[in-house]
Amino acid sequence: MFGPTNSGVRLGIGTQSGRTPPPLELWRNVPIRSSHVKVSLLGTHTCLAAWCLPPSPLTDPPSGHIGPTKIRTGQAGLSMQQLGFPRLSSTPPDNMETQQQLRRLYQNCITGSHVLHYHGILDAYGHLSFRHPSTPSIFIMPRNMAPANIASPQDLVEYNVSDATPVDSNAPAGYIERYIHSEIYKRYPGVNSVIHSHASAVVPYTISGTGVPLKPCLHMAGFLGPSTPVYDVAKHYEPGTTRDLLIRSLHLGESLAACFRAADASTQTGKDEPDHSVVLMRGHGYTVAARSIEECVFRAIYTRENAAIQTASLGLSAAYRGTGEPPTEIHYLRDDEIKGATGIALTGWARAWGLWVREVEAANLYATSG
Ligand SMILES: [Zn+2]
């Protein structure tokens, strides 16, 4: 029933995708091989699949890395990489609630990376991360690979917020710019997800100086606020370091994270959350912070949408002036509208997220198995 497994690996049975909560779920331990099997009985679900839980640090061999074994029951065949955990997960597997939450976050990180690629927010570069739900001193992001190719929890790595070092010293190579993420999580305890993007539609607003600031143009982008700061890495280079605009040190990450706080301390919205949800990065791209992966993806996509709309509006206005007509004024969101529109993004991502997930599920490019 369960097929071959690595020594020390835990097995379980669950739904195929997790998108539809099962109406009935009963858990019971089955004493097979030192209680390493848990079984979920799902009322009306006909598709059952097996997954592997990470080895217990208390009872299992420390070298119990989860292997690529694929186990099938019924129609669904989910690999351990799809529903398992990366190397040396920091959460004791006995905490089932946290493990289930982690499983959902891992899946959302993988799916979110695909969604961001599908919508042109990430190409071969850029990344999405999330904070560990029960250990806030740890964050999780993919290893050094193109976001579209991320396929399983084995492609994700745990990092320490303190210094962006991997929790597991044997973890695969990570992104150079992971300091963007670590320093934002360090400075703002209310941030649970970060996205860094090089989307070309936004970059023009990072190099325009004070000439053309990014302004909120549509109701879906009220989260941008009245102004979006531009971070200039050149002001923070240290002597002898590579000047390639990348955030490749704790020092540069710290200076970028500081830009999420309003320059005027009197306007700060709270200690735990940043005042700005988006910071532009000169000649580079932009970074987004949010309370959840879904909200972060929403903000990243609509930041790009807003930039595209503003660029089109500016071009249209300039072209109209070229016909000899009097100058026209572009009407950005007013301050009172920004406040109201910000509320849309608080929950508005829920409907969009369902669509975005289906889009990437229907696209052949995005694999979800090892
Ligand atoms: Zn970058």
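**Entry 1: the terms and the whole chain.** Helices (H or I, at least four residues) and strands (E, at least two) are DSSP runs, numbered from the N terminus. I am working from a predicted model. I looked up the overall make-up of the protein chain first. Its secondary structure comes to seven helices and eleven strands. Of the 370 residues in the chain, 40% are buried. I then checked how far apart in sequence the contacting residues sit. Among contacts with a separation of 6 or more, 68% join residues 24 or more positions apart.

**Entry 2: the nonpolar core.** In soluble globular proteins, nonpolar side chains tend to be buried together. I looked for such a group here. The largest nonpolar core has 67 residues. Cys-109, Ile-184, Val-279, Val-288 and Val-297 have the most contacts inside this core. Which helix gives the most to it? Helix α5, residues 293-322, does, with eight residues.

I followed Val-288 further. Leaving out residues up to four places away in sequence, Val-288 touches Val-194, Ile-195, Ser-277, Val-278, Cys-296, Arg-299, Ala-300 and Thr-303.

**Entry 3: Val-194.** That list sent me to Val-194. Val-194 lies in strand β8. Is Val-194 buried or exposed? I count 28 other C-beta atoms within 10 Å, so Val-194 is buried. Its contacts, again without residues up to four places away in sequence, are Ser-129, Ile-180, His-181, Ile-184, Thr-287, Val-288, Ala-289 and Cys-296. Val-194 and Phe-130 are 64 residues apart along the chain, yet their C-alpha atoms are separated by 6.5 Å.

**Entry 4: helix α3 and its cover.** How many of the ten residues in α3 are buried? Nine are, and α3 is mostly covered. I wanted to know what covers them.

**Entry 5: α3 against α4.** Two packed helices are described by the angle between their axes and the distance between the axes. I looked up both for this pair. The axes of α3 (residues 178-187) and α4 (residues 250-258) come within 8 Å and cross at roughly 55 degrees. That angle makes α3 oblique to α4. The crossing is right-handed. On the α3 side, the contact uses Tyr-179, Ile-180, Ser-182, Glu-183, Ile-184 and Arg-187. On the α4 side, I find Leu-250, Leu-252, Gly-253, Glu-254, Leu-256 and Ala-257. By class, these α3 and α4 residues are seven nonpolar, two polar and three charged.

**Entry 6: two helices on α7.** I turned to α7, residues 349-362. Helix α2 (residues 96-118) packs on α7 at an angle of about 80 degrees, with the axes 9 Å apart. The two are therefore roughly perpendicular. Thr-111, His-114, Val-115 and Tyr-118 of α2 meet Trp-356, Val-357, Glu-359 and Val-360 of α7. This contact has five nonpolar, two polar and one charged residues.

Helix α5 packs on α7 too. Here the angle is about 85 degrees and the axes are 10 Å apart. That makes α5 roughly perpendicular to α7. Glu-294, Glu-295 and Phe-298 of α5 make the contact with Trp-349, Ala-352 and Trp-353 of α7. I sort the α5 and α7 residues into four nonpolar, no polar and two charged.

Entry 7: Ala-318 is in helix α5. With 11 C-beta neighbours inside 10 Å, it counts as exposed.

**Entry 8: positive phi in two loops.** Ala-164 has a phi of about 65 degrees. Ala-164 sits in the loop between β7 and α3. With 23 C-beta neighbours inside 10 Å, Ala-164 counts as buried. Leu-245 has a phi of about 70 degrees. Its place is the loop between β9 (230-231) and α4. Leu-245 has 16 other C-beta atoms within 10 Å, so I list it as partly exposed.

Terms used:
Residues numbered from 1 in each chain as written. Axes fitted to C-alpha atoms, helices over the stretch in contact; angles between N-to-C directions. Parallel < 35°, antiparallel > 145°, perpendicular 65-115°, else oblique. Left-handed = near helix turned anticlockwise from the far one by under 90°. Contact = placed C-beta atoms within 7 Å. Nonpolar A, V, L, I, M, F, W, Y, C, P; charged D, E, K, R; others polar. Buried ≥ 20, exposed ≤ 12 C-beta atoms within 10 Å, placed from the backbone. Core = buried A, V, L, I, M, F, W, Y, C linked by C-beta atoms within 7 Å.
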